[in-house]
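The entries follow the order of my reading.

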Amino acid sequence: MGVKMGQPYYQIRGLEQTAGLVCLSANFELYGDLSDRMMSLAAGLGPLQEIYSIDESFIGDLEGIVDITNRARAIRSRIYRWTSLLTCVGLAPTKTLAKLCNHVAKDAERKLGSYPRELAQVCNWAEMDTVTQQDILQRTPAGEVWGIGRRIAAKLAEQGVLTAWDVTQMPATKAKTVGSVVLERTVRELQGTSCISLDEAPAPKQQIACTRSFGQAVTALPPLIEAVSEFATRAAEKLRQGGQRAGALQVFAHTSPFRPGPRFYQSATIQLQPPTADTKLLVGAAVAGLRSIYAPGYQLAKAGVMLLDLGSAAVAQRELLFTETAAARDQGPLMEIMDRINGRWGKATVHVGSTGDTAAAASDWKMKQERRTPRYTTVLAEIPIARA
């Protein structure tokens with residue numbers, strides 16, 4: 001249909017009538033759940049796993065596994081049976097070649113004639129003879145190789161390097177001159193020398209964001225507070241899942257650049273001292289920041305909360321205060337219980353009051369999608385807190 005990634009909806013709205021385009025709102029919870037299920041199944045291919053993105057992972061240490069190609073096909077079939085997700089598998093001695101084989105496995109099935117049909121779905125580099133390997137590299141544009149972006153591909157084209165095969169023929173010193181050590185590493189990986197290790201323990205997140213576009217324009221403060229409160233709640237849950245605390249919080253709201261009318265884009269950053277993962281404190285900071293930037297008269301299309309200056313919850317800088325308020329400020333046990341309740345009975349079973357009644361019909365700001373109503377709804381402010 002000619003729809004590009006990230007293309008504004010207003011530019012393609014007419015395709016619903018002329019071409020049968022179906023538009024759906026995002027459902028990030030569903031995507032995350034399916035991703036987790038897919039990754040757990042993919043882990044059955046080998047002992048080591050690096051989750052690279054929401055829909056990709058590397059499986060390592062496959063030496064000695066008997067008939068790895070059929071094993072990969074069995075894993076792929078299991079993922080489809082249990083999740084209805086279609087996947088492709090690339091098997092190779094290096095991560096760059098594995099990415100290339102995955103690209104081949106995908107295009108061989110979807111784009112007839114791009115690669116040999118027998119390489120569809122599961123592509124194993126080790127099972128190809130040298131003639132087939134060279135043919136694959138010659139069919140693949142240099143810009144399709146993992147680690148070669150548009151800018152580097154343009155530089156390579158100026159020197160006559162147009163395909164992945166051309167990249168493999170580059171001397172390492174020349175590759176380093178054109179694209180720094182990154183391109184040199186890519187060349188060596190394409191030649192079969194592993195230079196990129198498997199990252200089993202990803203680095204801690206530097207920031208956590210929860211942002212949403214509204215189902216319809218928001219023009220009043222109360223629904224905006226409700227939205228921001230829920231965003232801060234979701235971000236706080238992710239923060240605790242990663243064993244981190246936030247030292248700062250940023251809240252923002254803005255109008256749509258594609259709608260007529262006055263423009264609004266404001267943000268506020270609140271320092272959190274000491275750093276915290278307490279939902280109540282984070283929601284309070286987000287609401288305070290929102291009140292400081294809000295102005296009436298605008299049709300707001302999007303808002304969000306970002307947690308910044310993240311650090312490990314295991315290493316905390318204490319305040320030099322001779323009062324009990326500092327120690328009582330961050331209620332970790334209460335947050336743990338809150339997460340356990342919500343994990344068992346459904347999201348927002350226990351929530352801060354400013355997020356509104358999540359068991360009621362979807363508010364104006366919420367995206368238009370199906371919502372699961374929790375079996376019980378309890379506002380956090382109503383729970384008595386036992387103190388020693």
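The notes below concern a sheet, the helices packed on it, and the nonpolar cores.

Entry 1, the model. I note at the outset that this is a predicted model.

Entry 2, the sheet. I looked up the strand order and found β5-β8-β6-β7, an open sheet of four strands with antiparallel pairing. I then looked at the edges: β5 (208-218) and β7 (265-276) each have a single partner strand, so one side of each is left without a neighbour in the sheet.

I followed β6 (residues 244-255) against β8 (residues 300-312) and found antiparallel pairing over 11 bridges. Within this pairing I located F252, whose bridge partner in β8 is G304.

Which strands does helix α9 touch? I found that α9 (residues 221-241) packs on the sheet and touches β5, β6, β7 and β8, with its direction at about 155° to that of β5. Helix α10 (residues 279-293) also packs on the sheet; I listed its contacts as β6, β7 and β8, and its direction makes about 150° with that of β7.

I examined the largest nonpolar core, which has 35 residues; F214, L239, L249, L290, V305 and L307 touch the most other members. I noted that β5, α9, β6, β7, α10 and β8 each give two or more residues to this core, and that α9 gives the most, with 10 residues. Apart from this core I found another, of 30 residues, among them W125, A142, V161 and M170.

Leaving aside neighbours within four places in sequence, I found L249 in contact with residues including A268, L282, A285 and V305.

Definitions and conventions. Residues are numbered from 1 along each chain as its sequence is written. This is a predicted model: local features need pLDDT of at least 70, side-chain atom pairs count only at pLDDT 80 or more; totals for chains, interfaces and linings use all residues. Side-chain values use heavy atoms; hydrogens and water are left out. Two strands pair if DSSP finds at least two bridges between them. Contact means heavy atoms within 4.5 Å. Axes are lines fitted to C-alpha atoms, for helices over the stretch in contact, and angles run from 0 to 180 degrees between N-to-C directions. A nonpolar core is a set of buried Ala, Val, Leu, Ile, Met, Phe, Trp, Tyr and Cys residues joined through side-chain atoms within 4.5 Å. Buried means under 20% relative accessible area, exposed over 50%, partly exposed in between (1.4 Å probe, protein chains only).
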